[in-house]
Every structure is written in structure tokens, then in C-alpha cells.
Amino acid sequence: MTDKKLDITLEFGGGAEFLFNKIKKHEVSLDGKKVQTIRDLLTWMKENILTERPELFIQDGSVRPGILVLINDADWELMGELEYEIQPKDNILFISTLHGG
């Protein structure tokens, strides 16, 4: 397979959407040769769709503590976290539980 496209959905809630141009849902098509794991995805997100304050979303190469990650409605901790291999049609949801004042 020479052309591996990964069409996935990224969703943001709990205020995380404000870091992504206030857009709650992104339908993205990724180059499956470059983006294979959640670790790769976070780098891609930072370079392509993260528009505000990356330190509030990414810390030490992972999502910042206080951001829940669900892959197809399952906690990413059950799926291998950063090493999870992204599959076509995956739905990846990031929910911030951090609230500033």
C-alpha cells in the first residue's frame, strides 16, 4: 500500500476547543506514512491546527495533565496512550478538565 490516508475526526470539549480556533470538530485526512501513532498526531496537531497557547495542551511530548483523551469513546489509557496506532475513521476526543479563573 503506497498511499495510506488516515481520515479521522478530532473533537475538543471543556474549553480545549479555544486552543483550536474555537472549532469543536475537525475532520482531518492525515498522511499515514508520517502520522501513525497518537504521539505523531500530537506533533501534527501542534504544527497544523493548534492556534493558541500550546503549553496549555501539550507538555513534555504528551497531552497536559487535566486533558482527558478518548479514542472511539474509550479512555486512551486502555488503548496504549501515545503508542496507540491510529486507524481510519477513528474519533479522538480531547476534553479539558482545567478551568482557570
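Colleague: Before we start, what counts as buried here?

Modeller: Buried means under 20% relative accessible area. Bear in mind that this is a predicted model.

Colleague: Fine. So is Phe94 buried or exposed?

Modeller: Phe94 has a relative accessible area of 0%, so it is buried. Phe12 is at 3% relative accessibility and therefore counts as buried too.

Colleague: How are the rings of Phe57 and Phe94 arranged?

Modeller: Their centres are 5.2 Å apart and their planes are at 65°, so the pair is edge-to-face. Phe57 sits in the loop between H1 and E3, while Phe94 is in strand E7. That puts the two 37 residues apart.

Colleague: How many aromatic pairs are there?

Modeller: Five. One of them joins Phe12 and Phe94, and that pair is stacked, with 5.5 Å centre to centre and 15° between the planes. Phe12 lies in strand E1 and Phe94 in strand E7, so this pair ties together parts 82 residues apart in sequence.

Colleague: Which residues make up the aromatic cluster?

Modeller: Phe12, Phe20, Phe57 and Phe94 form one cluster.

Colleague: And what else does Phe57 touch, leaving aside neighbours within four places in sequence?

Modeller: Its contacts include Leu19, Leu42, Met45, Leu50, Val63 and Ile67. Ser62 and Arg64 are also among them.

Colleague: Switching to the helix. Which residues of H1 are buried?

Modeller: H1 covers residues 38-48, and its buried residues are Ile38, Leu41, Leu42, Trp44 and Met45. Down the helix axis they fall within an arc of 165°, so they line one face.

Colleague: What covers them?

Modeller: Strands, including E1 (5-13), E2 (25-31), E5 (67-71) and E7 (91-96). E3 (58-59) and E4 (62-63) are also included.

Colleague: How many residues are in the largest nonpolar core?

Modeller: It has 29. Leu10, Ile38, Leu41, Met45, Phe57 and Phe94 have the most contacts inside it. E1, E2, H1, E5 and E7 each give two or more residues. The largest share, five residues, comes from H1.

Colleague: Now the sheet. What is the strand order?

Modeller: E2-E1-E7-E5-E6, five strands in an open sheet with mixed pairing. E2 and E6 (74-75) are at the edges with a single partner strand each, so one side of each has no neighbour in the sheet.

Colleague: How many bridges join E5 to E6?

Modeller: Two, and the strands run antiparallel. Ile71 has Ala74 in E6 as its bridge partner.

Colleague: Where does H1 pack?

Modeller: On the sheet, touching E1, E2, E5 and E7. The direction of H1 makes about 70° with that of E1.

Methods:
Residues numbered from 1 in each chain as written. Predicted model: local features only at pLDDT ≥ 70, side-chain atom pairs only at ≥ 80, totals over all residues. Heavy atoms only, no water. Buried < 20%, exposed > 50% of the residue type's maximum accessible area, 1.4 Å probe, protein only. Helix = DSSP H or I, 4+ residues; strand = E, 2+ residues; numbered from the N terminus. Arc of directions from axis to C-beta. Contact = heavy atoms within 4.5 Å. Core = buried A, V, L, I, M, F, W, Y, C linked by side-chain atoms within 4.5 Å. Pairing = 2+ DSSP bridges. Axes fitted to C-alpha atoms, helices over the stretch in contact; angles between N-to-C directions. Phe/Tyr/Trp six-rings, centres within 6.5 Å; stacked < 30°, edge-to-face > 60°.
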